[in-house]
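Subject: Structure for your review

Hello,

Please find the structure below, followed by notes on what was found in it.

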Amino acid sequence: QQQQQPSGSPPYVAGAAAQAWPANSGYFPQGAPSQAQQRQRGGQQQHFDRDFGKGGASSSGSGAVSSKAVVARDSSEEDEDGDYDDDEDGALDEDMQHFADVCYSLLRYSQDAVGELGWVEEAFESLSDPHDRELLLPSTTPGMLREMQQRVAENGAFLRMLVESDEEAREFLEIPEGYQVQQRNSVKVHTVLRQFVRDWAEEGAPERETQYGCLLRALEKYIPLDSAASGRYQRPGGRPQVLTPGSGLARLPFEVARMGYRVQGNEFSYHMLQGSKWVLNESTGANMHTIFPFILSLEHRRGSTDHMRGIKIPDVWPSGVLCPEGAPMADLSMCAGEFVEVYSPQEKHWDAVLTCFFLDTAKNVFLYIRTIAHIIRPGGLWANIGPLLYHYAEQANSISVELSWEEVKPAIEKYFEFKEEDMREAYYTTNAQGLFHTRYRCKYFVAIRNDVPASGKSFPVF
């Protein structure tokens, strides 16, 4: 794990997995290695989306919002002695290409969406029978397609801004001639728009309350703010340190920071990281942008124009809340990278770990459980809510260890004492006005770390 230079405008500050850079009043320090030199290995980057089919140290300073990355190596790079041979240039080329692919997919949204609208137009034109055409509402006309094109353009401008606002992404503002965006990256772009509704729009408040709310209440109950001011595990400033793996667009770590805790969010997807980087550092007010996340979703509509409705984001201005009048009042950072690779060295580092729709992102859930047990101090908290969907279950040529709750719970109980446990129903990036909703039956639990050392070893299955 290596140090990485921060990017973006203040207060976006970066640190290293083992050593945090000073906040320096929100500006990044000089002389750190460049972000391009420290990106996560692109070949291991995976992210799956629930409605579409579906990685750290203490933060770098009070009020700082950080982005860190590690260079992960796969087993093919080991030499005969079991050590890693340095092939840094090749790794960086691959890393940069993956980041470029992410940027190009965001930039290509408009072009791809216009192509989809052409299919919609062709479908409606196929209704040549006058009796069929008479049944169409006046809103289902060429005028509707023009309005859809306008909204697609607004989405495209917003997504382009996610690239333009990142200083180190600007070299990828021009898509090479003949470049083809991979289907999986196109899907993730649509997911970013839907995730903004879930995390940073008023419409997503019910989802957030159902899932983030219970985790925040558990944190407040079992790890109160004054719990780190004394005792064996004293923390700087007397505030507990909280980790939120799989934090998406960073609303959960934002809410933890707003409560007064020191918190770090971790995310593996560069698509999500581009979005969280903008909303945390570049947004300048509440409800400053309108996006149209459902514009290409003509199925499951109640009203003929439901797909064209706009969603204002963000519902709150993060910098305004955490740094009122420019004075840092909170301690929030973001860390890029695969969870196990980034955090496995951090023994007893965290007072609490909050996981939401995260546990089943593991190919081997035992590896996640052992890592979480390793990084939480005795007496610390693990609060979780989410299903056991197992994201890799449907992926060809991918290892996926799919266990029942009956098998998962004893593995957790080896290191934790359960305080609360029940089943809760939840939605994920749902179109609130749509006629089709996917409802998950989730395991919610609150558990306290015991004194049993984390033992054994799970071989990586990345």
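Rings of Phe, Tyr and Trp (for Trp, the six-membered ring) are taken as a pair if their centres lie within 6.5 Å, and planes over 60 degrees apart make the pair edge-to-face. The model is a predicted one.

Aromatic pairs

By this rule there are 20 aromatic pairs. One of them joins phenylalanine 99 and tyrosine 270: the ring centres are 5.6 Å apart and the planes stand at 70°, so the pair is edge-to-face. Phenylalanine 99 belongs to helix 1 (residues 88–107) and tyrosine 270 to helix 8, so this pair links distant parts of the chain, 171 residues apart. Phenylalanine 99 counts as buried, at 0% relative accessibility, and tyrosine 270 counts as buried at 4%.

Tyrosine 104 and tyrosine 179 make another edge-to-face pair, with 4.8 Å from centre to centre and 65° between the planes. Tyrosine 104 is in helix 1, while tyrosine 179 is in the loop between helix 4 (142–164) and helix 5 (183–200), so the pair ties together parts that are 75 residues apart in sequence. Both tyrosine 104 and tyrosine 179 are buried. These residues come together in one aromatic cluster, formed by Phe99, Tyr104, Phe172, Tyr179 and Tyr270.

The charged end of arginine 198 sits over the ring of phenylalanine 357, 5.7 Å from the ring centre. Lysine 409 lies over the face of phenylalanine 418, and here the distance to the ring centre is 5.2 Å.

Helix 8

Helix 8 covers residues 270–282, which makes 13 residues. From first C-alpha to last it reaches 17 Å, close to the 18 Å expected at 1.5 Å a residue. The helix is mostly covered, with 12 of its 13 residues buried; among them are Tyr270, Trp278 and Asn281. At its N-terminal end, helix 8 is capped by serine 269, which has a side-chain oxygen 3.2 Å from the backbone nitrogen of histidine 271.

Lysine 277 also lies in helix 8.

Salt bridges

Side chains of opposite charge can pair when their charged atoms come close. The count here comes to 19 salt bridges. In one of them, the side chains of aspartate 166 and lysine 277 meet at 3.0 Å, N to O. Aspartate 166 is in the loop between helix 4 and helix 5 and lysine 277 is in helix 8, so the pair ties together parts that are 111 residues apart in sequence. Aspartate 166 is buried, with a relative accessible area of 1%. Lysine 277, at 7% relative accessibility, counts as buried because the cut-off is under 20%.

Arginine 309 and glutamate 203 form a salt bridge at 2.5 Å, N to O. Arginine 309 is in the loop between strand 3 (289–291) and strand 4 (311–313), and glutamate 203 is in the loop between helix 5 and helix 6, so parts 106 residues apart in sequence are tied together. Arginine 309 counts as buried at 15% relative accessibility, whereas glutamate 203 counts as partly exposed at 24%.

A salt bridge between arginine 424 and aspartate 422 has an N to O distance of 3.0 Å. Arginine 424 is partly exposed, with a relative accessible area of 28%, and aspartate 422 counts as partly exposed at 30%.

Helix 6

Helix 6 (residues 205–222) has 18 residues, which should span 26 Å at 1.5 Å a residue; the end C-alpha atoms are 24 Å apart, which agrees. The helix bends by about 40° at tyrosine 212. Tyr212 is buried, and other buried residues of helix 6 include Arg208, Gln211 and Leu219.

Aspartate 360

Aspartate 360 is placed in the loop between strand 6 (350–356) and helix 11 (365–375). Aspartate 360 is buried, with a relative accessible area of 0%. Polar atoms of its side chain lie 2.7 Å from the backbone nitrogen of leucine 389 and 3.5 Å from the backbone nitrogen of tyrosine 390.

Regards

How values were computed
Residues numbered from 1 in each chain as written. Predicted model: local features only at pLDDT ≥ 70, side-chain atom pairs only at ≥ 80, totals over all residues. Heavy atoms only, no water. Helix = DSSP H or I, 4+ residues; strand = E, 2+ residues; numbered from the N terminus. Expected span 1.5 Å × (residues − 1). Buried < 20%, exposed > 50% of the residue type's maximum accessible area, 1.4 Å probe, protein only. Polar contact = N/O pair within 3.5 Å; in protein donor to acceptor, adjacent residues only side chain to side chain. Phe/Tyr/Trp six-rings, centres within 6.5 Å; stacked < 30°, edge-to-face > 60°. Lys NZ or Arg CZ within 6 Å of the ring centre and 35° of its normal. Bend = angle between axes of the 7 residues up to and from the residue. Salt bridge = Lys/Arg side-chain N within 4 Å of Asp/Glu carboxyl O.
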